[in-house]
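Okay, thanks for making time, everyone.

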Amino acid sequence: MSNLTRDFFIGLSNNKLLNKSAKKWGFRMGAEKFVAGTTIESVTKTVNELNARGISCTLDRLGEFVSDEAEAMEAKEESIRLLEKIHVENIDCHLSIKLTQMGLDIDQDFCIQNMFEILHVADQYNIFINIDMEDYAHYQQTLDVLQILKKDYENVGTVIQAYLYRTEADLDSLEDVRLRLVKGAYKENEEVAFQDKADIDRNFIAIAKKRLLGETFTSIATHDHHIINELKSFILENNIDKNTYEFQMLYGFRNDMQYDLANEGYNFCTYIPFGTDWFGYFMRRMAERPQNINLVVKDAFYTKDNNLKKGPVITGVVAGALVLALLRRGKR
């Protein structure tokens, strides 16, 4: 995908007016393929279905860049209710949490207190908490908060992004931290991040191999079958203990490959987002891969038999017109 198209969708993901309006729309434009409902009940049903296939899950209650204390407190309380649901239903699942959703942009101490309350409950139930890495503006602050939390709790880790220049150098200080390795989904400038896909892929593979040779658990999060196949060969050649890693993919992406990896005996985890604040996440997924756009367009406009739909065409046109109208309104 061209950088122009990628920048367009990332721009949409950051548009506050569109994000706010999307909460009122409900799911549109194929978002239901990648977001597993809006409620705890709907998402735990999905987890149970994947668990039955031998797949573990991590849940992300969507929302970020919160600027209101009440909203952050609500996110904290729902995370705790989700932990209680996981415990009661005894499902194979952990949580992924963004610090900005817990109030990092409001006050760091306030955010840390919210995280301590979540980690306390998670520790009682033996549930892992993964701190999602966000844009580069929050990178160092996220690592600083992680180190504070780890002084009292071991059941917490974070994410490292292969597109950042500094990531490999940061591995030494994260040697004993459970990590999820991703390529990176935010737009960062060339001063801090690789811009070329080939460079990002090379760094991803180098970091993955370094982690695999260590002893601390790593989630290898990619949909790229070329990278997965190379790492599978590396794992076999080096007799890597399968209990030290897992493959991970996003909900709704390459489902057949997810099932195949689980059936082959690899530990596999599906990252499942849910909630009403779906628009920013959905737009970033559109920015990542042109195949995602093709998938959504095909689903919106065509039946399974490749016949043009009638109703959804009108819906798609209206939705597109609404987006353009809101964009123009947001520029005023």
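Leu179 has Thr218 as its bridge partner in strand 6. Bear in mind as we go that this is a predicted model.

So, staying with that pair of strands: strand 5, residues 179-182, and strand 6, residues 218-221, run parallel and share three bridges. On the other pairing, strand 4, residues 156-161, is joined to strand 5 by four bridges, again in the parallel sense. If you want a spot to look at there, Gln161 is bridged to Val182 of strand 5. Now look at the side chains of strand 5: Leu179 and Leu181 point one way, Arg180 and Val182 point the other way, and all of them are buried.

Next, strand 8, which covers residues 268-274. How many of its residues are buried? Seven of seven. Both faces are covered, with Phe268, Thr270, Ile272 and Phe274 on one side, and Cys269, Tyr271 and Pro273 on the other. As for partners, strand 1, residues 56-61, pairs with strand 8 in parallel over six bridges, and Leu59 finds its bridge partner in Ile272. Strand 7, residues 245-250, also pairs with strand 8 in the parallel sense, over four bridges. There you can see Phe247 standing opposite Phe268.

Okay, helices. Two packed helices are described by the angle between their axes and the distance between those axes.

Take helix 3, residues 40-51, and helix 4, residues 69-89: their axes come within 11 Å and cross at roughly 40 degrees. Helix 3 and helix 4 are therefore oblique to each other, and the crossing is right-handed. From helix 3, the contact uses Ile40, Thr44 and Asn48, and from helix 4 it uses Glu78, Arg81, Leu82, Lys85 and Glu89. Sort the residues of that contact by class and you get two nonpolar, two polar and four charged.

Helix 4 also packs on helix 5, residues 108-124, at an angle of about 10 degrees with the axes 9 Å apart. So helix 4 is roughly parallel to helix 5. On the helix 4 side you have Glu69, Ala72, Met73, Lys76, Ser79, Ile80 and Leu83, and they meet Phe110, Asn114, Glu117, Ile118, Val121 and Ala122 of helix 5.

Is Gln108 buried or partly exposed? Gln108 counts as partly exposed, because its relative accessibility is 27%. Leaving aside residues up to four places away in sequence, Gln108 touches Gln141, Val145 and Ile148. Gln108 and Val145 are 37 residues apart along the chain, yet their C-alpha atoms are separated by 8.1 Å.

Last one: Thr142, in helix 6, residues 139-150. Thr142 has a relative accessible area of 1%, so this threonine is buried. And what does Thr142 touch, not counting residues up to four places away in sequence? Leu99, Ile131, Met133 and Thr158.

That's my tour, happy to go back to any view.

Notes:
Residues numbered from 1 in each chain as written. Predicted model: local features only at pLDDT ≥ 70, side-chain atom pairs only at ≥ 80, totals over all residues. Heavy atoms only, no water. Helix = DSSP H or I, 4+ residues; strand = E, 2+ residues; numbered from the N terminus. Buried < 20%, exposed > 50% of the residue type's maximum accessible area, 1.4 Å probe, protein only. Contact = heavy atoms within 4.5 Å. Axes fitted to C-alpha atoms, helices over the stretch in contact; angles between N-to-C directions. Parallel < 35°, antiparallel > 145°, perpendicular 65-115°, else oblique. Left-handed = near helix turned anticlockwise from the far one by under 90°. Nonpolar A, V, L, I, M, F, W, Y, C, P; charged D, E, K, R; others polar. Pairing = 2+ DSSP bridges.
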